[in-house]
Amino acid sequence: MKILKATPGGGQKLYIETYGCQMNVGDTEIIVSIMQKEGYLYTTNIDEADIILVNTCSIRDNAEQRIWGRLKEFQRYKRAKRSLIVGIVGCMAERLKEQLLEREPIVDIVAGPDSYRDMPKLVAAAQVGGKGINVALSQDETYGDIRPVRLDSNGVSAFVSIMRGCINMCAYCVVPYTRGIERSRDPQTILREVKEVFDAGYREVTLLGQNVNSYRWKNEQGEVVVDFPKLMEMVAEVSPLLRVRFATSHPKDLSDRLIEVMAGHNNICKAIHLPAQSGSTRMLQLMNRKYTREWYLGRIAAIRAAMPDCAITTDLIAGFCTETLDDHADTMSLMREVGYESAFMFKFSLRPNTYAARHLTDDVSEEEKTRRLTEIINLQNELSIASNRRDVGKVFEVLIEGYSKRSNEQLCGRTSQNKMVVFDAAPDLKAGDYATVRITDCSSATLFGTLV
Ligand code: 5AD
Ligand code: SF4
């Protein structure tokens with residue numbers, strides 16, 4: 001006779017909403033893995049949930065405002081089911097700690113990014129009428145041994161976390177406070193995870209971390225045995241059919257060795273996300289970015305020299321403390337000089353406790369921030385279209401992700417440069433296959449082509 005062990009989860013249903021960056025998406029997959037082991041079942045239907053978790057983001061004030069709004073909406077689920085448990089996890093939980101419980105009575109659990117192994121215990125505490133709180137940050141937690149449960153995946157591209165936390169202390173940024181100190185995951189479990197996703201049919205992995213260029217794994221003697229270029233090589237060698245990407249890089253740590261490794265492997269994608277934040281050296285210094293405009297442009301030149309076809313994308317902040325019209329003009333001219341393929345562009349949002357909040361003044365008006373951001377966005381649109389137009393007539397190898405959003409007669413996939421291509425389907429092609437496509441037309445966001 002088989003004896004079934006009762007698990008604390010006992011088939012209860014867990015629903016999770018995820019906000020913020022790709023790291024959070026990965027963390028949600030770790031939480032689901034931990035909870036499933038304890039007998040909880042994952043659901044995408046909030047109406048049947050016994051536990052609702054919200055994996056939160058604190059990067060800008062509007063990210064947090066959205067979550068406060070969402071918590072208000074959860075009140076009706078709690079009214080409908082008295083036993084429902086609501087938990088706030090992730091960056092906002094770490095930043096606000098107990099204050100979250102005080103400000104929003106429907107919250108039962110507050111769990112920071114390093115406490116997910118504790119989640120079953122926190123749920124159990126909440127279920128006997130207490131509040132479950134764990135916001136301790138760790139120096140070494142990487143969840144390396146946990147196999148994330150891939151949610152919402154296209155079955156072709158997977159994200160693999162290689163490090164956690166950040167120590168760069170950019171003046172505007174809340175991440176070092178919410179995600180703790182930088183630490184690298186061991187290369188063995190990274191490689192094991194990459195091989196497992198490849199064997200499961202995935203054909204692209206993106207190695208993730210707040211600053212992947214400072215990945216380093218040390219042996220017992222404290223010597224660095226695997227750095228980021230080495231790790232990239234090891235991952236690229238899993239299979240020539242596996243594409244490798246990474247995000248995000250800090251320009252100060254983008255080494256020549258990494259550029260060399262990228263250029264030397266066909267399956268390492270020719271795309272670098274290199275957040276500039278500003279084109280003004282004065283602003284960069286105030287932001288504590290540790291590079292100048294000239295240094296940044298030097299890195300771009302090195303990338304272009306080794307890989308003329310490499311796409312370069314960026315993050316930009318409009319209206320940081322004391323930013324003048326000249327500083328803003330420097331950002332616009334940097335954008336033109338680099339000719340970014342695409343960019344994430346933000347209005348500066350002062351975050352509590354950061355260096356900016358403690359020592360600088362947020363003196364650019366909201367209207368002026370909006371005006372500068374609009375200029376930046378309009379310029380980037382021009383640059384993106386210009387970049388896409390340059391691709392018309394060229395031939396690319398496209399990794400197929402599935403049917404296009406509009407029609408089942410068209411397939412879509414990405415180039416090595418991470419641009420989306422739409423083209424007419426062929427009977428022998430499916431998601432996960434590579435296709436050779438000639439670009440015939442484009443919009444600002446998409447390339448259109450035909451099979452060669
Ligand atoms: N305000 C606006 N944008 C920010 N970012 C980080 N902190 C802030 C902030 N306080 C942007 C940066 C970073 C991206 C993830 O978010 O551009 O690269
Ligand atoms: Fe990700 Fe930063 Fe938002 Fe945290 S605050 S979820 S690290 S973007």
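Colleague: What makes D253 and K252 a salt bridge?

Modeller: Their closest N and O atoms are 2.8 Å apart, and a salt bridge is a side-chain nitrogen of Lys or Arg within 4 Å of a carboxyl oxygen of Asp or Glu, so the pair qualifies. Bear in mind that this is a predicted model, where local features need pLDDT of at least 70, side-chain atom pairs count only at pLDDT 80 or more, and totals for chains, interfaces and linings use all residues. Side-chain values use heavy atoms, with hydrogens and water left out, and residues are numbered from 1 along each chain as its sequence is written.

Colleague: Why is D253 called partly exposed?

Modeller: Buried means under 20% relative accessible area, exposed over 50%, and partly exposed in between (1.4 Å probe, protein chains only). D253 has 23% relative accessibility, so it counts as partly exposed. K252 is partly exposed too, at 24%.

Colleague: How do you know that R282 and D327 form a salt bridge?

Modeller: Their side chains meet at 2.7 Å, N to O. R282 lies in helix 10 (residues 281-286) and D327 in helix 12 (residues 325-338), 45 residues apart, so the pair links distant parts of the chain. Helices here are DSSP runs (H or I, at least four residues), numbered from the N terminus.

Colleague: Why is D327 called buried?

Modeller: Its relative accessible area is 5%, so D327 is buried, while R282, at 38%, is partly exposed.

Colleague: And what makes R257 and E233 a salt bridge?

Modeller: The closest N and O atoms of R257 and E233 are 3.0 Å apart. E233 counts as buried at 16% relative accessibility, whereas R257 is partly exposed at 37%.

Note on methods. Chains lettered and ligands numbered in written order. Helix = DSSP H or I, 4+ residues; strand = E, 2+ residues; numbered from the N terminus.
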